[in-house]
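User: Give me a close look at the aromatic pairing in this one, please. I'd like the geometry with every cut-off spelled out.

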Amino acid sequence: MGGDWSLEDRTCLVTGATSGIGQETALGLAREGARVLIVGRDPARGEAARAEIAKRSGNDRIELLLADLASLREVAKLAAEVRKRSPALHVLVNNAGVVNQRRVLTVDGFESTFAVNHLAYFALTLQLLDLLRAGAPARIVSVASDAHRFGSIDWDDLQSERRYQGLPVVSGMRVYGTSKLMNILFTRELARRLEGSGVTANSLHPGAVATRLGNDGSAVSRIITPLLRPFMLSPADGAKTSIHLATSPEVAGISGGYFTKMREARCSRPARDVDAARRLWQVSAELTGLGGSAA
């Protein structure tokens with residue numbers, strides 16, 4: 001992947017792209033001339049985002065795909081739909097995420113923060129690896145967070161049956177932080193497995209961004225969110241590092257890195273635990289039924 005890296009006429013996929021950081025990321029890729037597949041849950045919001053991205057970028061090759069990433073079946077259907085639309089994929093941006101202040105289960109019986117923020121990243125990436133290899137040089141960009149620093153993995157409580165205790169906002173952020181720690185561990189193990197393939201994998205901290213994430217309508221979020229909003233970055237600023245990792249020739253040879261403010265940064269010690277990264281991969285493969293889809 002050399003200095004001639006360009007997204008002109010290449011295909012990119014961005015999850016959680018109908019608002020916030022994801023929409024701004026998709027816009028940035030569209031402005032680079034890419035064909036951009038955006039993923040969202042709501043048809044109306046999705047079409048509105050697709051139209052806005054096309055209008056603001058002057059690029060009409062923006063396509064909407066619908067999927068609820070809390071469902072492994074829908075993740076698989078999404079991957080199959082991408083495969084129908086394109087023989088190769090050049091950029092995958094895992095961006096969709098949730099923050100919950102109470103424990104909620106998905107249709108598959110998983111705790112939803114763990115399911116959407118980690119298992120969906122893992123499952124979608126593995127099911128698109130053949131397309132990414134076909135598109136090499138290609139890039140996988142996963143949105144993590146510095147919130148990973150107060151996360152920790154309890155291997156006996158991956159579904160957070162014990163963690164949602166005490167103040168809801170504290171419990172919710174603890175579970176969220178753990179999911180972001182998993183994003184970094186997954187990225188590092190993925191990069192190791194993809195070495196020499198022409199496909200790179202990096203994760204990032206977007207900054208504290210004013211988006212819909214965490215605004216679950218609860219009394220706590222209704223009080224805290226307006227107070228914090230003036231101190232937060234705009235979604236456009238929050239998308240800069242994602243766009244940088246997807247487009248810049250400067251990061252062409254970097255894989256397994258963690259970035260903030262468009263520069264490589266040092267993640268926490270637990271996020272650099274090689275054994276934990278391998279164990280998480282194995283557990284995730286078992287939970288998703290993708291044990292045979294080794295990178």
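**Aromatic pairing and a helix**

Analyst: W281 counts as buried because its relative accessibility is 5%; buried means under 20% relative accessible area, exposed over 50% and partly exposed in between, with a 1.4 Å probe and protein chains only. F186 is buried too, at 3%. Keep in mind that this is a predicted model, where local features need pLDDT of at least 70, side-chain atom pairs count only at pLDDT 80 or more, and totals for chains, interfaces and linings use all residues. Residues are numbered from 1 along each chain as its sequence is written, and side-chain values use heavy atoms, leaving out hydrogens and water.

Searching the whole structure turns up three aromatic pairs. One of them joins F186 and W281, 5.8 Å centre to centre with 35° between the planes, so tilted. (Phe, Tyr and Trp rings, the six-membered one for Trp, pair if their centres lie within 6.5 Å; planes under 30 degrees apart are stacked, over 60 edge-to-face, the rest tilted.) The partners sit 95 residues apart, F186 in helix α5 (residues 168-194) and W281 in helix α9 (residues 274-288), so the pair links distant parts of the chain; helices are DSSP runs of H or I, at least four residues, and strands are E runs of at least two, numbered from the N terminus.

Now for helix α4, residues 112-134. Of its 23 residues, 20 are buried, so α4 is largely enclosed by the rest of the structure.

Terms used
Expected span 1.5 Å × (residues − 1).
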